[in-house]
Amino acid sequence: MTPRIESALRETLAREAYGVPVPEDPWPGFARRQGARRRARRVRVAVVAAILAAAVGIQTNLIPLPGWVPAVPVSGVWSTWDEEPPRGALSADRAWLAGLRRQVADVEDPEGVWRVLDRDAIRIVYADDVGPHRLALLLVPLRLGVVTVSELFWYHGPAGAAADQMTQSSSSDSDSPVASWMQVDAATGGVAVVVAPVGSTVTIGSGVDYRPSGTLARRQVVVSQASGIGVASIAPTPVDPGITAEVTTSDGDLIHHGVSGSWSGATGTVDPQAPTEAMMTTVRSDFAGPAPDRDILRAFVGWALRDSRLTVRDVSVRLRWWGTVNGQAAALLTVRPEGGGVLAYAFHGTSRSMRLDLRLLLPADGADERPLAWRLRAEGRDDATDRVLVVAPPATAAVSLTPDGAAAMAVRLDAFGFGEATLPPQAAATVIARAGDGSLSTTPVPPLESNLSGPPGDTPATRIVP
């Protein structure tokens, strides 16, 4: 699993967990289970080679492997970590590093025990004290029967920790050229660390501002050039600060986007992103359509605030449309931070299980007069469909959908300004609304998002301004 996918999954888990009482951040446990699944897939890839072992006992490391049986590498074939020099203040402390190598334990999975192939061959990629933490990134060779892999392991302890105080906190594929670690909470803040190839530039951003122009800006940016190491101290914040990292090569090519780790909210305090009754009254006040379900609408608004990293006191929220999608309650909302751009969100589902269909950052000027359209995924899956839903602003006389290079298609609207059209999943298009006085308002139809890890406006798929 790549850091990009891990980051997306972590954000998705956090959203799905909204409203469900969870005693602690679910990400660390998920990451541990995912490591086991990842190694299990590698065993399946090498199943033909495993037949050479001719015995289950050999493949599970319960019986010593005969010396004549060759190892079959199924990971790290394209890894460049072996070529990277050790980095960090502790990378020259031979005694401490030797102790850390002794701390690396075999990994028990349902398929068997992954043995450390050669403890002396464990490569120290990075080791340093970062704020209140001592961190080390190791490249560890593992073997299960005839299958060998190289994995990246993060080890963690308090600043100044002895080697025997360090414990494994996470792992990732060594095929990825970038590794990251993050631990942040609302009360004390935290740190984010990114390790990338020497010569690359690491940029870490924290906190977001939605500019009136329809673009996103980071409040805190740490740039590390040439070293390939990025370290950011994150200040305490009552909401998820939306930490992200980008790594570019010396040629300017983007090779990584995202950061893996955990953020924990404060416990025992009023949730600053939980919609208040006063907010919900305002949300519904100017909507002339069918009466929305109170609990479902509240859940949709709360999800939008969490995804945008905004609090109740920061924003005004407007309900643009309420209806039904695939037999479930659905809504189109706009979230407007004071003095900022406008965020459009579309959802469908229930108060406990919802699907995010659209998130789009718009310029503040004229946002309420724009028609909005979004594509639908297949229900219960991430497969793209040809369905496009459209909501027109009030006083719209006609709406059309115009694919690039093709003729406009009229969209039939119901009494509440809602319509549906078909469009090939990869086709770019624009939705156009014509008012009674002949004036036009247009908005591009955004593509389906493949990565939900960052805030809206962070990628071209979630904004209309280049």
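Colleague: Start with strand E4, residues 123-130. Is it mostly covered or mostly exposed, and how many of its eight residues are buried?

Modeller: A caution before I answer: this is a predicted model. Strand E4 is mostly covered, with six of eight residues buried.

Colleague: Which strand pairs with E4, and in what sense?

Modeller: The general idea comes before the case. Strands of a sheet pair through backbone hydrogen bonds, parallel or antiparallel. Here E4 pairs with strand E5, residues 133-144, in the antiparallel sense. Seven bridges link E4 and E5. In one of them, isoleucine 124 has leucine 138 of E5 as its partner.

Colleague: How many residues lie between E4 and E5 in the hairpin?

Modeller: Two. Look at glycine 131 in that turn: its phi is positive, about 60 degrees.

Colleague: What does proline 86 contact, beyond its sequence neighbours?

Modeller: Proline 86 sits in the loop between strand E1 (72-73) and helix H5 (94-103). Leaving aside neighbours within four places in sequence, proline 86 touches Ser91, Arg123, Ile124 and Val125. Proline 86 and alanine 127 are 41 residues apart in sequence, yet their C-alpha atoms are 8.0 Å apart.

Colleague: Is proline 86 buried, partly exposed or exposed?

Modeller: Check its relative accessibility, which is 43%.

Colleague: Now the sheets. In what order do the strands of the sheet containing E10 run?

Modeller: The order is E11-E10-E13-E14, an open, antiparallel sheet of four strands. Strand E11 (216-224) and strand E14 (254-257) are the edges, each pairing on one side only. Neighbouring strands are turned by 25 degrees on average, ignoring direction. Inside the sheet, E10 and strand E13 (244-248) share five bridges. Threonine 201 stands opposite threonine 248 in E13.

Colleague: And which strands stand at the edges of the sheet with mixed pairing?

Modeller: That open sheet has four strands, ordered E12-E9-E8-E15. Strand E12 (229-234) and strand E15 (262-264) each have a single partner strand, so one side of each lacks a neighbour in the sheet. The twist averages 5 degrees from strand to strand. E12 pairs antiparallel with strand E9 (189-195) over six bridges. There, valine 195 faces isoleucine 229.

Colleague: At what angle do H6 and H7 pack?

Modeller: Take the angle and the axis distance together. The angle is about 105 degrees, and the axes are 11 Å apart. The range 65 to 115 degrees counts as roughly perpendicular, so that is the relation of H6 to H7. Residues meeting there include Met280 and Val283 in H6, and Leu297 and Val301 in H7. The contact divides into six nonpolar residues, four charged and no polar.

Definitions and conventions
Residues numbered from 1 in each chain as written. Predicted model: local features only at pLDDT ≥ 70, side-chain atom pairs only at ≥ 80, totals over all residues. Heavy atoms only, no water. Buried < 20%, exposed > 50% of the residue type's maximum accessible area, 1.4 Å probe, protein only. Pairing = 2+ DSSP bridges. Axes fitted to C-alpha atoms, helices over the stretch in contact; angles between N-to-C directions. Parallel < 35°, antiparallel > 145°, perpendicular 65-115°, else oblique. Contact = heavy atoms within 4.5 Å. Nonpolar A, V, L, I, M, F, W, Y, C, P; charged D, E, K, R; others polar.
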